[in-house]
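Please look over the model shown here before reading the briefing below.

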Amino acid sequence: MKESCYLTGQFLLAMPGIGDPRFDHAVIAMCMHDESGALGIGLGGEIAGLGFHDVLRQLSIDPVAAPDCGVCIGGPVEPGRGFVLHSRDWSGQDTVDVAGRWALSGMVDVLRAIAAGRGPTRWQVALGYAGWGAGQLDAEMTRHGWLSVAGDSSLIFDVAAESRWAAGMAAAGVDPRLLSSQAGRA
């Protein structure tokens with residue numbers, strides 16, 4: 001049986017010297033990856049000055065039972081589009097199960113459920129996403145830019161955004177101080 005080379009349910013960690021400042025210290029939760037392309041949600045940084053309650057108010061949703069927390073920079077594609085990575089104990093009309101590890105929802109129903117205290121028990125909101133066309137991420141993975149690590153949902157729900165990159169590297173057994181920002185040639 002051939003092992004899948006797709007990265008759904010894993011995390012991509014940006015390597016030093018990735019060459020794109022938008023992805024410096026990026027942590028991307030890979031939610032979809034197949035022969036047609038890939039979609040991931042960035043979790044390595046938060047949008048300054050924007051909280052979850054702000055997002056709810058912009059959508060005319062009363063925060064009621066929802067704690068206020070940071071909103072992640074999900075990626076450079078469609079930065080006004082919202083996504084919620086969440087535990088698999090809640091599902092809505094557009095919820096996608098991500099490799100049995102976490103779920104992804106993008107409709108307002110998940111925000112209403114969270115605000116009312118009847119949504120998923122664990123969640124993280126992000127605006128925007130990282131997207132790749134057919135074969136694009138596969139080609140990037142052959143260069144010195146990304147490290148793929150196991151998709152343990154605790155990285156999403158138990159680690160602060162600013163600490164996720166270092167925590168992901170540590171979980172992979174990588175000491176970032178020993179990494180070079182340049183690839184070698186043999």
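Predicted model: local features only at pLDDT ≥ 70, side-chain atom pairs only at ≥ 80, totals over all residues.

Residues are numbered from 1 along each chain as its sequence is written, and side-chain values use heavy atoms, with hydrogens and water left out.

- Helices (H or I, at least four residues) and strands (E, at least two) are DSSP runs, numbered from the N terminus.
- In helix 5, which spans residues 164-171, the buried residues are Arg 164, Trp 165, Gly 168 and Met 169, where buried means under 20% relative accessible area, exposed over 50% and partly exposed in between (1.4 Å probe, protein chains only).
- These residues lie on the same side of helix 5 because they cover an arc of only 135 degrees around the axis, the arc being that of the directions from the helix axis to the C-beta atoms.
- Ala 170 and Ala 171 are exposed on the other side of helix 5.
- The packing partners of the buried residues of helix 5 include strand 1 (11-14), strand 2 (27-34), strand 9 (123-133) and helix 4 (154-157), with contact taken as heavy atoms within 4.5 Å.

**Strand pairing**

- Strand 6 (residues 77-86) runs antiparallel to strand 9 and is joined to strand 9 by six bridges, two strands being paired if DSSP finds at least two bridges between them.
- Within strand 9, Val 125 is the bridge partner of Val 84.
- Strand 6 also pairs with strand 8 (residues 102-105) in the antiparallel sense, over three bridges, and Leu 104 in strand 8 is the bridge partner of Leu 85.

**Salt bridges**

- Five salt bridges are counted when a side-chain nitrogen of Lys or Arg must be within 4 Å of a carboxyl oxygen of Asp or Glu.
- Arg 57 and Asp 54 form a salt bridge at 3.7 Å, N to O; both lie in helix 1 (residues 52-58), three residues apart, about one turn of the helix.
- Glu 78 and Arg 81 form a salt bridge at 3.7 Å, N to O; Glu 78 counts as partly exposed at 41% relative accessibility, and Arg 81 counts as partly exposed at 40%.
- Asp 158 and Arg 122 form a salt bridge at 2.0 Å, N to O.
- Asp 158 lies in the loop between helix 4 and helix 5 and Arg 122 in the loop between helix 2 (108-115) and strand 9, so this pair ties together parts that are 36 residues apart in sequence.
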